[in-house]
Amino acid sequence: MNRTAGTVTYDNQGRVVLVSGGVSGIGRAICEEFARSGADVVCLDIADVPDQAPLPDGVEYVQGDVRSPDDCERAVRRAVDIGGGLDVLVNNAVIQPVASYVPVDEMPTELWQRMLDVNLSGYTYLARPALKVMKQQGSGVIVNMASAQAHRTARGVAAYGPCKAANLLQARQWAVEYARDGIRVVSVSPGTIDTPLVRASLEAQGGARQLANRHPLGRFGRPQEVARAVVWLSSSHAAFVTGTDLEVDGGLGAFAAFADPYPLTPDES
């Protein structure tokens with residue numbers, strides 16, 4: 001018997017949202033969800049917007065690199081210019097090159113530093129000017145996109161996992177620091193989400209079928225599912241939620257490493 005699922009809608013008219021890494025994947029879905037609910041969205045990304053996939057109405061593209069404090073300042077200024085303030089910052093820009101799936105003793109120094117610069121320092125560089133604006137206005141929400149790998153680890157993720165764990169603690173520290181300024185800070189830890197970043201590294205992670213089967217729900221998540229969690233966390237419905245993490249991971253975090261794997265059906269094996 002099919003039962004009707006509940007739905008939730010949000011009104012973000014008059015709110016200004018800044019999303020890093022918003023051209024594709026989870027970041028793009030976040031931009032789309034906020035724009036759909038009426039927010040003015042600034043998408044900061046180093047990548048160009050593909051001609052075949054323009055950003056939706058309500059999303060303004062700003063090209064920049066989160067490794068550059070100047071670019072981060074410029075993106076925050078643009079958000080303020082659009083709407084007179086900044087209500088939500090989503091730190092999402094991230095890299096996980098296939099070449100990074102190695103033990104730490106095999107990790108090239110240049111790649112290690114690049115991942116730290118983007119995945120860790122980039123979050124701080126964008127939060128600094130955003131927090132200054134939010135303190136002045138007495139309100140704001142920051143969402144750090146972390147990962148299931150922030151909570152538990154595996155072989156071959158010597159840089160990515162530690163960076164994501166640091167993103168969790170960044171959010172908690174900022175939440176404590178700025179709680180009395182009217183600012184909430186949270187993190188979101190997705191499991192495997194069907195994005196170009198994940199697709200590029202599927203072989204290194206054991207293949208699509210095996211990777212999906214590690215999640216109790218038996219599938220990859222969809223970018224929109226993560227985006228809707230971010231929109232909720234950024235809303236007044238989550239007004240008493242700060243300094244914590246929401247795992248949007250299909251049950252991955254609850255499934256013990258020593259548990260029997262789920263049987264694959266013949267067309268999945």
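Two strands count as paired if DSSP finds at least two bridges between them; strands (E, at least two residues) and helices (H or I, at least four) are DSSP runs, numbered from the N terminus. What you're looking at is a predicted model, where local features need pLDDT of at least 70, side-chain atom pairs count only at pLDDT 80 or more, and totals for chains, interfaces and linings use all residues. Residues are numbered from 1 along each chain as its sequence is written, and side-chain values use heavy atoms, with hydrogens and water left out.

**View A. The open sheet has 7 strands with parallel pairing.** Read across, the order is E3-E2-E1-E4-E5-E6-E7. Strands E3 (59-63) and E7 (245-248) are the edges, each pairing on one side only.

**View B. Strand E1 (residues 16-20) runs parallel to strand E4 (residues 88-91).** The two are joined by 3 bridges. Look for Leu18, which stands opposite Leu89 in E4.

**View C. The largest nonpolar core has 64 residues.** A core here is a set of buried (under 20% relative accessible area, 1.4 Å probe, protein chains only) Ala, Val, Leu, Ile, Met, Phe, Trp, Tyr and Cys residues joined through side-chain atoms within 4.5 Å. Its largest share, 10 residues, comes from H3. Among the residues with the most contacts inside this core are Leu18, Ile30 and Met145.

**View D. Ile30 touches Val19, Val90, Met145, Ala227 and Val230.** That list leaves out residues up to four places away in sequence; contact means heavy atoms within 4.5 Å.

**View E. The crossing of H2 and H3 is right-handed.** By class, their contact has 9 nonpolar, no polar and 2 charged residues.

Note on methods:
Left-handed = near helix turned anticlockwise from the far one by under 90°. Nonpolar A, V, L, I, M, F, W, Y, C, P; charged D, E, K, R; others polar. Buried < 20%, exposed > 50% of the residue type's maximum accessible area, 1.4 Å probe, protein only.
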